[in-house]
Amino acid sequence: MKAWWAGLAARERLILMVGGAVLALIVFWIAIWEPLVQGRSALRAEVARLSAEAVWMDQVADDVRRRARLAPASTSVPAQGSVLTLIEVSANAAGLRQALSRVQPEGAGARLSFDQVGFDPLMSWLADLESRQGLQVTQLSIDVGEAPGQVAARILLERSQ
């Protein structure tokens with residue numbers, strides 16, 4: 001390499017040095033400087049957005065606190081929609097959908113059958129349906145299951161009056 005460099009004319013060495021310096025500057029600009037500038041711009045935009053959200057949250061915080069004090073703690077708004085849909089969605093969310101063997105509409109409610117479901121999760125789910133969805137258990141029949149803690153249940157759920 002040294003022999004090759006020494007074999008070049010002075011003008012060629014100057015051209016190669018200037019070209020190498022320009023190439024190094026271009027690589028520095030593309031690989032280091034530009035990503036830093038773009039990242040900084042993105043962070044500034046994010047800070048501005050988050051600052052605006054914080055200002056808005058400060059503005060509505062007092063209103064939210066006031067509404068929370070005025071609303072009774074135990075009042076829950078019954079969910080609107082089909083009882084069957086509420087049951088299907090909430091059973092799926094509670095992880096009980098696999099054990100739900102039958103859902104049959106009955107009057108303003110639904111009759112459910114569970115095969116081999118955990119007793120505690122079932123009771124928690126029924127309490128949630130009553131407190132959050134506005135449904136109440138009007139009939140309940142529970143039989144001991146094969147495994148400890150497992151039960152078979154037949155339930156009639158109706159909208160609370």
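Helices, here, are DSSP runs of H or I with at least four residues, numbered from the N terminus. The model described is predicted. Six salt bridges are present in the structure, and this briefing covers several of them, with their positions and the exposure of the residues involved.

- Arg49 and Glu53 form a salt bridge in which the closest N and O atoms lie 2.6 Å apart.
- Both Arg49 and Glu53 belong to helix α2, which covers residues 10-70; their separation of four residues corresponds to about one turn of the helix.
- Arg49 has a relative accessible area of 40% and is partly exposed.
- Glu53 is likewise classed as partly exposed, at 32% relative accessibility.

**The pair Asp143 and Arg154**
- A salt bridge connects the side chains of Asp143 and Arg154, with an N to O distance of 2.6 Å.
- Asp143 is part of strand β3 (residues 135-144) and Arg154 is part of strand β4 (residues 150-159), so this pair ties together parts that are 11 residues apart in sequence.
- Asp143 is partly exposed, its relative accessible area being 35%.
- Arg154 is partly exposed, with a value of 36% for relative accessible area.

- Arg111 makes a salt bridge with Glu106, and the closest N and O atoms are 2.9 Å apart.
- Glu106 is partly exposed, at a relative accessible area of 30%.

Methods: Residues numbered from 1 in each chain as written. Predicted model: local features only at pLDDT ≥ 70, side-chain atom pairs only at ≥ 80, totals over all residues. Heavy atoms only, no water. Salt bridge = Lys/Arg side-chain N within 4 Å of Asp/Glu carboxyl O. Helix = DSSP H or I, 4+ residues; strand = E, 2+ residues; numbered from the N terminus. Buried < 20%, exposed > 50% of the residue type's maximum accessible area, 1.4 Å probe, protein only.
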